[in-house]
Amino acid sequence: MNKYLLLIFSVCFISISACSSRGIFSNSNTMIQNSKFYKIYENNITDVIYEIYDINNEIMYSDSTENPLKIDMLNNTIIDVSIGMGTGITIHKYFDIENRLVSDEYSYVLANYDNLVAYIDVPKENSFENRKIAVHNKFDKNVFYKEFDMDFSDVDTPITYARFIENGKVLEITYLSGANQIVKSILLNLET
């Protein structure tokens, strides 16, 4: 009996060691999407692996997810990886493939322009109170950061439209305001 346990333990140990040396990627993964700067592989029935490549074709980031994944090139050097978390929430992470920069994760993203991202800053407590619009550099808040206090209606998605205009100098938004959900459109000047 002890010989069988020793044999089973040895086989399990060898299998675990072989798997851990490969990391999250294995040659048996099926490629789902292939681009110059990213690849998506089917890992198993429930999740995928994605890899982000820099301009020198070196892997700068790799991860896996069981959630819906979408990867977009925002311009020639910035990639947006968005992962749906359910209930309408999407997490965005940005990659500057030229400078090998990786952003923090952002939720409630409204618009993008080059290195700028605009999103609703939602407090952890009382999520409908004190929400504001934050606009800043995706990779470094010290380069540019601006907040705008808003009179949002108490709904999950108060912004109905948002885009950067005038070469990223202005954020144009349409949103629901106050208890009566009045539709308002405003221009937020980012230069002052």
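Okay, let's start with confidence. This is a predicted model. Mean pLDDT over the protein chain is 86. Of its residues, 85% reach 70 or more. The lowest confidence sits in helix α1, residues 2–22, with a mean of 39. The highest is in β14, at 98. Across residues 1–24 the pLDDT stays below 50. That stretch makes five contacts in the model, beyond near neighbours in sequence.

Take β13 and β14 next. Strand β14 covers residues 170–177, and six bridges join it to β13. Two pairs to click on. Tyr 161 is opposite Thr 174. Ala 162 has Ile 173 as its bridge partner.

On to β14 and β15. Eight bridges join this antiparallel pair. Here Ile 173 stands opposite Ile 186. This hairpin also has four residues between the strands, and Gly 178 takes a positive phi near 65 degrees.

Is β14 enclosed or open to the outside? Seven of its eight residues are buried, so β14 is largely enclosed by the rest of the structure.

Next, packing. The largest nonpolar core has 18 residues. Those with the most contacts inside it are Ile 133, Val 135, Ile 159, Phe 164, Leu 171 and Ile 173. Which strands supply at least two residues each? They are β9 (109–113), β10 (116–121), β11 (132–137), β13 and β14.

Stay on Ile 173 for a moment. What is it in contact with, leaving aside neighbours within four places in sequence? Ile 133, Met 150, Ile 159, Tyr 161, Ala 162, Lys 184, Ser 185, Ile 186 and Leu 188.

One more core before I stop. Apart from the largest one lies another, of 13 residues. Phe 37, Tyr 38, Val 48 and Phe 95 are among them.

That's the tour. Questions, please.

Conventions. Residues are numbered from 1 along each chain as its sequence is written. This is a predicted model: local features need pLDDT of at least 70, side-chain atom pairs count only at pLDDT 80 or more; totals for chains, interfaces and linings use all residues. Side-chain values use heavy atoms; hydrogens and water are left out. Two strands pair if DSSP finds at least two bridges between them. pLDDT is the predictor's confidence in each residue, from 0 to 100. Contact means heavy atoms within 4.5 Å. A nonpolar core is a set of buried Ala, Val, Leu, Ile, Met, Phe, Trp, Tyr and Cys residues joined through side-chain atoms within 4.5 Å. Buried means under 20% relative accessible area, exposed over 50%, partly exposed in between (1.4 Å probe, protein chains only).
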